[in-house]
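This report goes through one protein structure, from its charged pairs to its overall build. Please look at the sequence and the model before reading on.

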Amino acid sequence: MQFEIKEIADGADMIINGYAFTKGEGIIRVLNLNHPNHAAVIDNSGNIVETNMNDIENAIVSDYYEKNKKFMEE
């Protein structure tokens, strides 16, 4: 499991406070590297479309993404 987390972190486009943000086809995948069973999918508009995080963690992830998405642009 630790090896998989390292691979995800290495492949992430952005990491903020333990959350790895990785671009996909029209989506952003988010993984809490400290709790890898907490994940979310964000669409290009910044809406969370799938998650198993609680409301507070969703708000934190959304805020991190909105404030830093410019660093993920090509």
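## Salt bridges

In this predicted model, Lys6 and Asp10 form a salt bridge, and their closest N and O atoms are 2.9 Å apart. Both residues belong to helix H1, which covers residues 2-11. They are four residues apart there, about one turn of the helix. Asp10 has a relative accessible area of 57% and counts as exposed, because the cut-off for exposed is over 50%.

A search of the whole structure finds three salt bridges. Another of them joins the side chains of Asp63 and Lys67, at 3.3 Å from N to O. Asp63 and Lys67 both lie in helix H2, residues 55-68, and are also four residues apart, about one turn of the helix. Asp63 is partly exposed, with a relative accessible area of 34%, whereas Lys67 is exposed at 53%. The side chains of Glu66 and Lys69 meet in a salt bridge too, with 3.2 Å from N to O. Glu66 is partly exposed at 37% relative accessible area, and Lys69 is partly exposed at 27%. Side chains of opposite charge can pair when their charged atoms come close.

## Charges over the whole protein

The protein has 6 positive and 13 negative charges. The mean position of the positive charges and that of the negative charges are 6 Å apart.

## Fold and dimensions

The protein contains two helices and five strands. Along the sequence they follow the pattern α-β-β-β-β-β-α. The C-alpha atoms fill a box of roughly 30 × 30 × 20 Å, taken along the principal axes.

How does the radius of gyration of the protein, with its 74 residues, stand against that of a compact globule? A compact globule of 74 residues would have a radius of gyration near 11 Å, and the protein has 11 Å, so the two agree.

## Surface and contacts

Buried residues make up 34% of the 74 residues. The protein exposes about 4900 Å², and carbon and sulfur atoms supply 49% of that area. Among the contacts with a separation of 6 or more, 27% are between residues 24 or more positions apart.

Phe21 lies in strand E2, residues 19-23. Is Phe21 buried or exposed? Its relative accessible area is 0%, so Phe21 is buried. Not counting residues up to four places away in sequence, Phe21 touches Ala12, Asp13, Met14, Ile16, Ile28, Arg29, Val30, Ile42, Val61, Tyr64, Tyr65 and Met72. Tyr64 and Tyr65, two of these residues, fall within the range of helix H2, residues 55-68. Glu50 is 29 residues from Phe21 along the chain, and the C-alpha atoms of the two are separated by 14 Å.

Leu31 is placed in strand E3, residues 27-32. With a relative accessible area of 12%, Leu31 is buried. Leaving aside neighbours within four places in sequence, Leu31 is in contact with Ile8, Gly18, Tyr19, Ala20, Pro36, His38 and Ala39. One of these, Gly18, is 13 residues from Leu31 in sequence and 8.3 Å from it in space, C-alpha to C-alpha.

Asn68 is found in helix H2. Its relative accessibility is 19%, and Asn68 counts as buried because the limit for buried is under 20%. Beyond residues up to four places away in sequence, Asn68 touches Met14 and Ile16. Met14 and Asn68 are 54 residues apart in sequence, while their C-alpha atoms are 8.7 Å apart in space. Met14 and Ile16 are also among the residues that Phe21 touches.

## A positive phi at Asn17

Asn17 sits in the loop between strand E1 (14-16) and E2. What is the phi of Asn17? Phi of Asn17 is near 45 degrees, a positive value in a residue other than glycine. Most residues other than glycine have a negative phi. Asn17 is exposed, with a relative accessible area of 59%.

Technical notes
Residues are numbered from 1 along each chain as its sequence is written. This is a predicted model: local features need pLDDT of at least 70, side-chain atom pairs count only at pLDDT 80 or more; totals for chains, interfaces and linings use all residues. Side-chain values use heavy atoms; hydrogens and water are left out. The radius of gyration is taken over C-alpha atoms; the globule rule is 2.2 Å times the number of residues to the power 0.38. Buried means under 20% relative accessible area, exposed over 50%, partly exposed in between (1.4 Å probe, protein chains only). Contact means heavy atoms within 4.5 Å. Accessible areas come from the Shrake-Rupley method with a 1.4 Å probe; for residues, only the protein chains shown count as cover. Lys and Arg count as positive and Asp and Glu as negative; His and the chain ends are not counted. The place of a charge is taken as NZ of Lys, CZ of Arg, CG of Asp or CD of Glu. A salt bridge is a side-chain nitrogen of Lys or Arg within 4 Å of a carboxyl oxygen of Asp or Glu.
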